[in-house]
Every structure is written in C-alpha cells, then in structure tokens.
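This report covers selected local features of one model. The sequence and the structure come first, followed by the details.

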2 protein chains.
Amino acid sequence: MELDERKIKILDTIIRTYLETGEPVGSRTISKYTDLNLSSATIRNEMSDLEELGYIIQPHTSAGRIPSDKGYRFYVDHLMQAKDKEISDMKDFVIEHTERIDSVLKQLAQILSYTTNYATLITSQVNRDNAIKFVQISKVDEDQLLAVVVMGKNVVKNKVINLVEPIDNETLMKLNFILNNGLNGKSPADISLGVISGLKEQAGEHVDIVSVVLDAIAETISQEDLEVYTSGATNIFKYPELSSSENASNLIYALEEKKELAEFVSENFDGDDEIKVYIGDESDIKTMKDCSVVTATYDLGDGMKGTVGIIGPKRMDYEKVMSNLKEIKKQMSGLFNSNKTKGIEVKSDG
Amino acid sequence: MELDERKIKILDTIIRTYLETGEPVGSRTISKYTDLNLSSATIRNEMSDLEELGYIIQPHTSAGRIPSDKGYRFYVDHLMQAKDKEISDMKDFVIEHTERIDSVLKQLAQILSYTTNYATLITSQVNRDNAIKFVQISKVDEDQLLAVVVMGKNVVKNKVINLVEPIDNETLMKLNFILNNGLNGKSPADISLGVISGLKEQAGEHVDIVSVVLDAIAETISQEDLEVYTSGATNIFKYPELSSSENASNLIYALEEKKELAEFVSENFDGDDEIKVYIGDESDIKTMKDCSVVTATYDLGDGMKGTVGIIGPKRMDYEKVMSNLKEIKKQMSGLFNSNKTKGIEVKSDG
DNA sequence: TATTAGCACTCTTTTTTATCGAGTGCTAAC
DNA sequence: GTTAGCACTCGATAAAAAAGAGTGCTAATA
C-alpha cells in the first residue's frame, strides 16, 4: 500500500487540525473541512489505511486519530511550507547593545520563549582550538599579581595571585618574556607536557606563577566550552499533554539542570546551516519523549557559534517556529558587527 | 483567654504532626500521641479554644486542624528548638576548590536544594563602594589593546579595544600613568564628572580609550550588583499543596525569572546576622503566599556578602532548614580563606 | 469543675452505577 | 469505489451511594 495523493491530503488535514486543537481528529471533521467531498465513511477507510502505514495513531478505540512520530516527521519533511512572510512580530527584536555576549543570549532566550510560547534554550559554543594571543603578569600591589591571558576570539581570562613574598620588577619582566615566548600562538592542544616542563624549568623558583597561568588557560577552555541559557520553562504548563505533574516535573528539571541539554546540543552540533527537528525519541533525551525540539545554529562571527533551540509539544507550530529561528539566525549574524564601524570595538568577558 | 501550658503543648503537637504529614490533625491523634493522657473530647475543647485564638484553622467542618500563619509564627518564635546536632549530612559538603565564586554559589545552591528537598536561592552582593586598585592598558597586537581594571575584593574587569590606527608604546605608557594616577584608590562614587573630564583632557586625542576604561568600571558596579542563583525548583512538586498546576507554574516562573526574588532579597538585606523566617504573606511576594522563605546572610570576607534562602511549603522543616543555614554560614566564611596558606592564593572573575 | 463517653451530624473522599456521545468498524446497498 | 446505516467500544461526565474522619454538643462521671 502506498501513500497516494488523497491519503496525503487527509494526513495533512489531520495533522494541521491536531496542531491547532490538540484533540484527536475524527472522520467527520475531515469530511466536513476538506474540499475532497467524501463522506466520513470513506475517510474512515483511508484513515484505517494511514494507521496501518504508521502515520497516525488511535489513542483508544472510539477516539479520533492523532499523528504518530512518523506522521509528524512526514509533515515536517514534506507537507509543511515555510511561512517566511508571516514573522511580523519577530521581525526586529530590540536588544540593547550591551557588549556582554552572555546577557544578550539570556535576553534573546527570553524574547523567544515569550513570542513562541515554548521553552527555549541557547548555547554559546566557543571553538576549542583557540590560540593564545597574549599573556601578561602585572603587579597590582606589593603582594598581589594579576595574570591575564587573551586567547583568540578575544576570550580573556584573569587570575589574581596573592604572593607570600614580594617579587621584583626584573623577575616579573623575565617571567612575562618566558610566558609569551613559550605560549603565544599556541592553542591549548599544542601545549604538551614538554612545553610545560620547559616553561617551568625556565621559571626557576617561580614555578608557582607559571602554574597559575597554565591553570587559567585550562579553565578557560573547559569552562567556556558550553554555557546553556534557558527560558520559558513554565510555558509547558500551557500544553496539557506536557503538564501532567510527573511530566512537568521532569521537563522543568531538565531545563533547570541543563546538563542533559548541553550534552544533547554538543552531540548534535555540527556547524551546518540546517534547521533541525527532533520529534519525540529522535532527540535521545528520555524526558523529551513527548516533546519536539527544533534547533538552529547561529554564527556571531569570530568563530563564535552556538545553538538556539525551541522545546515544545509535538504539536508545536513547526512553521512558525522554524521561520522564527531563521529570522534569529539572520539577525544574530548582524548583531555584533554593527559597532565595528564606530572606530572602536569593544568586547568583554565580564 | 490565654495560652496556658497545656494549650501550648497541644499546639506544638498539632504543628509538628502537620509538618510531618501535611494532613489536617484530628483530636484523636493528639490524644493518642501526647503524654497528656487526655481524651479526644478534652482535646477537642482545647482545639476549639486554639482556633478561637487564631493559632489553628479548620479547612472545613469535620476536618482536623492545621496551623495558621500565626500558629507557624508562634512555632518558629517559641516552640522550635535549634537542632544543632543533627546536621550530619550537611556537615562537610565538598565543594571543589574552584576559585570562581559564581560556580561555587551555583554548586552550593544545588547541594542545598538536594539535601533539604526545597527550592533554594543564593545571591551574591558585592559591596558598592569598591575602590579601584589598578588599571592597565596593554597592547595585545598591532590593532588591539586590552584594558584591565582591578577593584577591591579582587573583582577584575577587562575589555578588548580594537584600534582603528596603531598606537605607540610611549603613548600607551602615558595613558597608563594618567589612568592610574587619576583613578587608583577611588571608589566609583568618587569618580565625579570633574575627574572624568580631567582625565579626558589629559588623554588628548585618545579620549576614546579613557571612555572605555570608565565604561568597564561602570559596568562592573552595575552588573556585579546582584546575581541570583536558584536550584531545586522542581522540589515543589514534592508538596501537593504547592503543586496544584497554577501554583506550581507561578512559583517556578518566579524562580526562573529571579527578578522578583532579587528585589525581595535586596529589600530585606540588612547585613545582620540573624536567620529570618517569612511565613506566607510576610514575604510580600504574591506568588509565595503559600510558601515560607528562610534566609540567612553569609560573609565571605573581603566584603563579599550575600543571602542564602530556602523556599518551601509553610510546613517546611524549620528546625532542619535553619540549622542547615547556620552550618552553611559557618562553612562559607571558612571557604575562601583556606587556600591562603598554600603560599599562593588565586581568585578570578572569569 | 474538669473530664469523658456517646452520639448525631457534617463534609470530604472514594466507589459505584448510570448515561452520554464521539467515533469506529463492518456490512450491505448504491 | 463510495456511502448510508447501525451496532459496538470506550472515555468522559454526572449522579448516587457508601465510607470515614472528625467535629460539637449533651449528659454522665470523678
């Protein structure tokens, strides 16, 4: 048995109706609201076929049909049309031009969850192979040093070092020379044990300080690695199928903890430009088995990439969500380039 | 009518039993589980009095009694004993010695919510009048500068400055001198318009750079002002009286948004050493009318103070919560002093 | 006078039973 | 191939009944 034109039309109607109402769709509804001019009995036969083919499901005898995961998949892949024109409300979200990337992402997550009525997540992913551009140790006062490491993409890391005994300016200059000489241009992957012991040897009695600098570098790569911002967790209460107490608790927990989300995102991050849709189990997160997740990658330039994701019920408005994400992608790429023209560009890591 | 010895004992039993079970407490229960050796009928009379006095409430005729807010208040103020000895599980929570204050606080919130089974919040409040210790501008490469500002309490702020035209070393040294000379030792409050225009004048054509440094300072005070970390929002699903869908949604929203919490905390922050309990409406947050909030202030030394709060149902285990908070206070004050002995102490702001 | 046993009464909760109605599947007719 | 018709299923809603917990009051008791 194959999906013919008519079956597809019926499937399409079932899914669209279900997306709107969240209620199982019956044969009579279809017969009335399509231009097929078929009686409910005929529709019933077709629906029976569609069920056998796995596109729709009957929650119980004597209920209408709802889309199965396979049905949603078919819809997303073949039936849905891009709704590119209708994103008026999203069109230009106004983000104050703070330079702090994290607060921008946080804000963006909020806006998105507000306009879509789904839960959202945004991650920032800094590229791992990030060369060290500059290292400097300076004396803040008699018993305190400040170590600063600047890596590519202007990621800056600093640490305050409390000294037990003072250090003279000459030694400081020497250390700065050793460190810059040994580290500049290297990405963390390049810093082998050999490099480290070489540095330590040169540092002589001030090994401690070299260690601190290396720590700072290590911390930078591990910690900046993946930050996840979420918003709109409570939106799930708007969809009864997600808010049965147990379900809600698990979902919100996942959104609060973020760990699992981070794993999911980093596993599925491959930098390509597509908007992806994960329906039910496709996302591999157990708590999301009743959800769909739509993700897009963005690119802020300077190698700052990341993921924007929207989490909602399977019956989410895929068309709207996807066109929103498309718009976001576009806007974000423009976001951090606009103030380069002012002559001075400022970035900060907080 | 007055509260005599016996009434107090009965009230105490009602509250303790209700804290455990969450169910209205009946007269027979009291009569069985106290050593008063009174029949349920006598207890009933006493309960009737207690209700008249406003300490307990009957949810409906033919239900037992539950404590009123006034009852809880009396319990917290007079009946509860500090349970100082029984905090075994809390005794030494192991926090990896990351030096990043925010990740410590985040972790701590998690541990607390996990051990108490309530929602938790932790804020860090950096004292506003924070003097500038050190300012430095250095050349990262031909068209990039890095500005670093170290303020008291080792709060470090840095910004990357992209140059339109190169700057020579001499100018850089001059700028550094001007900035340090003009800013060191000053707290943000001291930096008047006069100081600013003085600096700008001295900087000549490099006004831009001075502005950036001032921006960094401004940002530091405004942004570090109050950060709120929450954890364990989903714990509220463990208490039926809080998890009726509407309630849960509002509560979790408040915990997610954090804004209202921040306001609440900063309004009630007065740096004194007491552990405070807000029952129901006492907290002034509408969504928390069915909750109790217990807060404590901590002090990390160096003027870093903040609040730890626990949010749970009114029938929370006040004794345990309060002794946990006491323990936390103690441990936190030790937290950032312990590694001073290692010869090198490290702090960082990320 | 304080306490208690006894009992009718109230109100929630749980269980049971009945009813409704949407929707199906099947058969037979068109 | 399509459709009308009809018996049947099963969830949802409603109504009724039963169970239970706890009270308030009265009258008896120590």
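Which backbone oxygen does the side chain of A:Ser113 reach? The side chain of A:Ser113 reaches the backbone oxygen of A:Gln110, at 3.0 Å.

## Basis

The model is predicted: local features need pLDDT of at least 70, side-chain atom pairs count only at pLDDT 80 or more, and totals for chains, interfaces and linings use all residues. Residues are numbered from 1 along each chain as its sequence is written, chains are lettered from A and ligands numbered from 1 in the order in which they are written, and side-chain values use heavy atoms, with hydrogens and water left out.

## A:Ser113

A:Ser113 is part of helix α5 (residues 101-116) of chain A; helices (H or I, at least four residues) and strands (E, at least two) are DSSP runs, numbered from the N terminus. A:Ser113 counts as buried because its relative accessibility is 6%; buried means under 20% relative accessible area, exposed over 50%, and partly exposed in between (1.4 Å probe, protein chains only).

Not counting residues up to four places away in sequence, A:Ser113 touches A:Tyr118, A:Thr120, A:Ser231, A:Gly232 and A:Asn235. Contact means heavy atoms within 4.5 Å.

## A:Gly152

A:Gly152 sits in the loop between β5 (144-151) and β6 (155-162) of chain A. With a relative accessible area of 14%, A:Gly152 is buried.

Beyond four places in sequence, A:Gly152 is in contact with A:Asn130, A:Ala131 and A:Lys133. A:Lys133 is 19 residues from A:Gly152 in sequence, and their C-alpha atoms are 6.1 Å apart.

## Nonpolar core

The largest nonpolar core has 140 residues, and A:Tyr318 and B:Tyr318 have the most contacts inside it. Such a core is a set of buried Ala, Val, Leu, Ile, Met, Phe, Trp, Tyr and Cys residues joined through side-chain atoms within 4.5 Å. Leaving aside neighbours within four places in sequence, the contacts of B:Tyr318 include B:Leu19, B:Tyr72, B:Met80, B:Ile279 and B:Val294.

## Surface near DNA strand C

DNA strand C is surrounded by 20 residues, the closest being A:Ser27, B:Arg6, B:Thr42, B:Thr61 and B:Ser62; a residue is near a strand if one of its heavy atoms lies within 4 Å of it. Of the atoms of DNA strand C that come within 4 Å of the protein, 75% belong to sugar and phosphate.

A phosphate oxygen of DNA strand C lies 2.7 Å from an N or O atom in the side chain of B:Thr42. A backbone N or O atom of B:Ser39 is 2.9 Å from a phosphate oxygen of DNA strand C. A polar side-chain atom of A:Arg44 is 3.0 Å from a base nitrogen of DNA strand C.

How values were computed
Polar contact = N/O pair within 3.5 Å; in protein donor to acceptor, adjacent residues only side chain to side chain.
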